[in-house]
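Please read this briefing alongside the sequence and the model that follow.

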Amino acid sequence: MTEKALKPFTIDFDLITGLSKSTESTKRPLSKMQGMFADDRAFNAALQQDDPLVYEFYELDLPETAGNLLFGTSIVYPGKVGDEYYMTKGHFHTILDTGEVYYCLSGEGAMLMENPEGDCNIQYFSPGKAVYVPPCYAHRTINLGKEPLVTFFTFRADAGHDYGTIETKGYRKLIVERDGKPEIIDNPKWKE
Ligand code: NI
């Protein structure tokens with residue numbers, strides 16, 4: 001990491017797509033989401049047809065040091081696997097005791113959170129709303145609308161990501177469409 005990155009700078013945001021298109025994003029197509037959705041049959045059937053982009057995120061290459069902040073944007077595309085809305089994998093931070101803030105730039109959706117003790121919470125995104133993720137809560141962004149859900153996030157730069165816990169255990173709750181509306185249900189695949 002160059003010293004230059006630690007000097008103040010300004011960056012342009014595209015309110016529709018997040019960070020400028022000149023930045024590379026990390027992409028999660030459906031094929032990278034094996035096992036994340038509750039309905040494996042619907043997942044496999046969808047993957048037979050196509051491999052659409054479920055979400056992607058842009059993050060600047062800043063030093064992951066204590067005292068620094070990382071930030072970027074996340075875009076979750078509209079869609080469903082079976083009746084479950086497109087979402088991010090979700091993660092804890094390696095430094096579990098890490099909070100994070102997400103600010104909605106465009107789209108409609110939700111932040112699904114849970115902590116290791118089993119407290120579950122959901123907060124909703126619409127443009128102009130910020131969601132506070134307290135320390136120790138896993139967080140997953142879910143698109144409940146018809147447009148891409150674009151959020152800006154920032155958190156301590158040395159926190160790291162723990163995807164494995166969610167990949168293994170899943171979330172206690174998930175959000176599905178029932179009669180055209182989002183409904184929170186228990187995750188049938190959740191493992192204690
Ligand atoms: Ni996070």
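**Metal site and sheet**

The nickel ion is coordinated by His91 (NE2), His93 (NE2), Glu100 (OE) and His139 (NE2), at 2.0 to 2.3 Å, where donors are N, O and S atoms within 2.8 Å of the metal (3.2 Å for Na, K and Ca), and water is not among the atoms, so sites may look incomplete. This is a predicted model, in which local features need pLDDT of at least 70 and side-chain atom pairs count only at pLDDT 80 or more, while totals for chains, interfaces and linings use all residues. Residues are numbered from 1 along each chain as its sequence is written, and side-chain values use heavy atoms, with hydrogens and water left out.

- Along the chain, the donors of the nickel ion follow the spacing H-x1-H-x6-E-x38-H.
- Glu100 in strand S8 (residues 100-106) and His139 in strand S12 (residues 138-143) lie 39 residues apart, so that this pair links distant parts of the chain (strands are DSSP runs of E, at least two residues, numbered from the N terminus).
- Glu100 is buried, with a relative accessible area of 3%, and His139 is also buried, at 1% (buried means under 20% relative accessible area, with a 1.4 Å probe and protein chains only).

**The sheet**

- Three strands form an open sheet in the order S10-S9-S12, with antiparallel pairing (two strands pair if DSSP finds at least two bridges between them).
- The edge strands S10 and S12 each pair on one side only.
- Six bridges join S9 (residues 109-114) to S10 (residues 120-125), and Met113 stands opposite Asn121 in S10.
- S9 and S12 also pair over six bridges, with Gly109 opposite Asn143 in S12.

Technical notes. Helix = DSSP H or I, 4+ residues; strand = E, 2+ residues; numbered from the N terminus. Buried < 20%, exposed > 50% of the residue type's maximum accessible area, 1.4 Å probe, protein only.
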